[in-house]
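Work through the exercises below with the model open beside the text.

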Amino acid sequence: MEIKTEVMKRCVVFTVAGRIDSASAPEFEEKLLGLIQEGQRNLVISMEDVTLISSSGLRALVTARIKVNRAVPRGDVVLSQVPPLVWESMELVGFQRLFQAFDTDVDAVGSF
């Protein structure tokens, strides 16, 4: 799994590539929560090159969303460029109700 972050004016674009499985999910969650602890409240998770997301990875996304929603000022986590197979697994557990998903990073950044 590879992670890149890009700080923008209104949010942080958090780009993930590879597999987010039980081995890599702790690092994924640690980096997400680290950004939140640094004061970042609006996160775009760009997932174009994600090949798999396990339940551990899904839990990390939910944890990050809960943390930014409870923060002052309140923030949000949105997804962008989610591959169809990854999105199907997210839909199976109802993530389409929890997260906004955008086709491009530009659209996702523009949502803030």
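What percentage of the contacts in the protein with a separation of 6 or more is accounted for by residues 24 or more positions apart? Residues 24 or more positions apart account for 68% of these contacts, where contact means heavy atoms within 4.5 Å. The model is a predicted one, in which local features need pLDDT of at least 70 and side-chain atom pairs count only at pLDDT 80 or more, while totals for chains, interfaces and linings use all residues. Residues are numbered from 1 along each chain as its sequence is written, and side-chain values use heavy atoms, with hydrogens and water left out.

**Exercise 1. Describe the overall fold and its dimensions.**

Step 1. The protein has five helices and five strands, with helices (H or I, at least four residues) and strands (E, at least two) taken as DSSP runs that are numbered from the N terminus. Read from the N terminus on, the elements follow the order β-β-α-β-α-β-α-α-β-α.

Step 2. The radius of gyration, taken over C-alpha atoms, is compared with a globule rule of 2.2 Å times the number of residues to the power 0.38. The protein has a value of 13 Å, close to the 13 Å that the rule gives for 112 residues, so it is as compact as a globular protein of that length.

Step 3. Along the principal axes, the C-alpha atoms fill a box of roughly 30 × 25 × 25 Å. Of the 112 residues, 46% count as buried, that is, under 20% relative accessible area with a 1.4 Å probe and protein chains only, whereas exposed means over 50% and partly exposed lies in between.

**Exercise 2. Identify the nonpolar cores and their contributors.**

Step 1. A nonpolar core is a set of buried Ala, Val, Leu, Ile, Met, Phe, Trp, Tyr and Cys residues joined through side-chain atoms within 4.5 Å. In the largest one, which has 28 residues, Phe 28, Ile 45, Met 47, Leu 61, Leu 79 and Met 90 touch the most other members.

Step 2. Two or more residues of this core come from each of β2, α1, β3, α2, β4 and α3, and α1 gives the most, with six residues.

Step 3. Apart from this core lies another, of eight residues, among them Cys 11, Val 13, Val 44 and Val 78.

**Exercise 3. Determine how helix α3 is oriented.**

Step 1. In α3, which spans residues 84-92, Val 86, Trp 87 and Met 90 are buried. Seen down the helix axis, the buried residues of α3 fall within an arc of 100 degrees, so they line one face of the helix; the arc is that of the directions from the helix axis to the C-beta atoms.

Step 2. On the other side of α3, Pro 84, Leu 85 and Leu 92 are exposed.

Step 3. The cover over the buried residues of α3 includes β3 (42-53), α2 (55-70), β4 (76-80), α4 (95-98) and β5 (101-102).
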